[in-house]
Amino acid sequence: MKISIGKKLINPYSLLVSVLFFLGAATIFFIYSIDISPLIFAFILIVYLNISKRSETSPSAFDLCLLGALGILLSILVTITFKLTAYGIPAIAMAMLVTLLFDNLELSFLFSLFFLSMGTSIDGCNLNVGMSLFAAALTASILSFRVQGRFQILKAGLVAGLVQCVVAILIERVRGEQLFMPFPGADFSLLLFCLLSGLISSIVVLGSLPVFEYIFKVVTNISLFELSGFNHPLLRRLILEAPGTYQHSLVVGNLSEAAAQAIGANALLARVGAYYHDIGKMVKPNYFVENVIGYKDSHKDLKPSMSKIIIMNHVKDGIEFARKYKLKPRIIDFISEHHGRTLVYYFYQRAKELEPEKEHEEDYRYAGPKPQSKETAIVALADTIEALSRTLDEPTPSRIEEMVREVMKKRFLEGELDESTLTLKDLEKITEKFTHILNALFHTRVNYSKDEDRNNKSPKDKENKS
């Protein structure tokens, strides 16, 4: 059962978790005599985010409450248990963690506001602390958004610590208050403290990231960057056992990355997902045309129903491979969704020719699901378009564009993109990127003379030419 709020739906379980979190945290705040206004903000934030949940990667109420509870616990440990200044509240670490885990700057901004109210309340309504924590958290979020290297996380933490110090000092100068320590050099002491806090936050985030990825069942850009390397055991096997599929996946990855970047989706996720989307073809590579050397039709002596099973099983086999090698659920989505509910069209037509009186459509349709995100939808489109582009006799720019637009139109009308949140504007940008890259791949070259022809010319010919 779900409760309707306008046109939005909220799960009662999510609401219950939020209420329990609020009550538990309020009790802790009451024990330590802390103003509970941050908790009211946190409760509204959790309810709002669950009502306005926009994608399958959005955190649940439980995820948000867990992160909120962690932030509150660390803040109380720093300021009360360890008797440190409120400038040590781990706003930088929590902001980076939220950004990396959920790839969502809006959520990071709201968490930054939460730490603004948290710091202000814990330090006795001191605006210096709240504003500096907010500025630091926001800076850390922006700098860690879709980063692909661990050094960038360390850089984000140090810069955020510097921003925290600068904002606190500026507010102090405006308000004419003594900051941090009542002796000369207090500003320098604060600078060292904030930089150390930012560095420690970065190190803690890097060390704990795999744990949180496991808890929340997500994949961060740091992990994606590691998966994109061709030393991964699955990609090594793909290169050796299905080289044609590997080359196909590389091109699909390039198409997908460019298209995702054009519409503001996660380009790295799209590229990595494309690398792994067809790994199931390693089970029977010779039954897929890109792996056939010469022309040998492996399906020639098979019934359409048997060929259909072999072709469709590459999705199931790919999911099994992915689970065996412990790939993240977000990568497995590309394997299960890249064909959606489309038909195995060639063998469907053959079955209709052999048994015209029988209804075959559902038997020759992939099990799905349809693409659930922009990234998986892009890979599904790139997969089809790359395969069709190889069948063009003369891949001129006009024919390539016509083919791309035809595929996009067909998938749209079939309803394959309905659950992916792609807009018509997105589809137009994707079409332009696909067309541009395919034109670059199939461009014609100047027909240069062979070296042997030049070497075989007689000395007299060379003299006449000179």
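Figure 1. Helices (H or I, at least four residues) and strands (E, at least two) are DSSP runs, numbered from the N terminus. This is a predicted model, where local features need pLDDT of at least 70, side-chain atom pairs count only at pLDDT 80 or more, and totals for chains, interfaces and linings use all residues. Residues are numbered from 1 along each chain as its sequence is written, and side-chain values use heavy atoms, with hydrogens and water left out. Of the 466 residues, 48% count as buried (under 20% relative accessible area; exposed is over 50%, partly exposed in between; 1.4 Å probe, protein chains only). Take the contacts (heavy atoms within 4.5 Å) with a separation of 6 or more: 72% of them join residues 24 or more positions apart. The chain exposes about 24,100 Å², with 61% of that supplied by carbon and sulfur atoms (Shrake-Rupley method, 1.4 Å probe; for residues, only the protein chains shown count as cover).

**Figure 2. Here helix α5 (residues 105-122) meets helix α6 (residues 127-143).** Their axes come within 7 Å and cross at roughly 160° (lines fitted to C-alpha atoms over the stretch in contact, angles from 0 to 180 degrees between N-to-C directions). So α5 runs roughly antiparallel to α6 (over 145 degrees; under 35 is roughly parallel, 65 to 115 roughly perpendicular, the rest oblique). The crossing is right-handed, that is, the near helix is turned clockwise from the far one by less than a right angle, anticlockwise being left-handed. Among the residues making the contact are Phe 109, Phe 115 and Leu 116 of α5 and Met 131, Phe 134 and Leu 138 of α6. By class, the contact has twelve nonpolar, six polar and no charged residues (Ala, Val, Leu, Ile, Met, Phe, Trp, Tyr, Cys and Pro are nonpolar, Asp, Glu, Lys and Arg charged, and the others, Gly among them, polar).

**Figure 3. Zooming in on Arg 150, we land in helix α7 (residues 150-175).** Arg 150 is partly exposed, at a relative accessible area of 40%. Leaving aside neighbours within four places in sequence, Arg 150 touches Leu 206, Ile 222 and Glu 226. Asn 221 sits 71 residues away in sequence, yet its C-alpha is 10.0 Å from that of Arg 150.

**Figure 4. Helix α13 (residues 304-324) packs against helix α14 (residues 329-337).** The angle is about 170°, with the axes 8 Å apart, so α13 is roughly antiparallel to α14. This crossing is right-handed. On the α13 side, the contact uses Val 315, Gly 318, Ile 319, Ala 322 and Arg 323, while α14 brings Ile 332, Ile 335 and Ser 336. These residues divide into five nonpolar, two polar and one charged.
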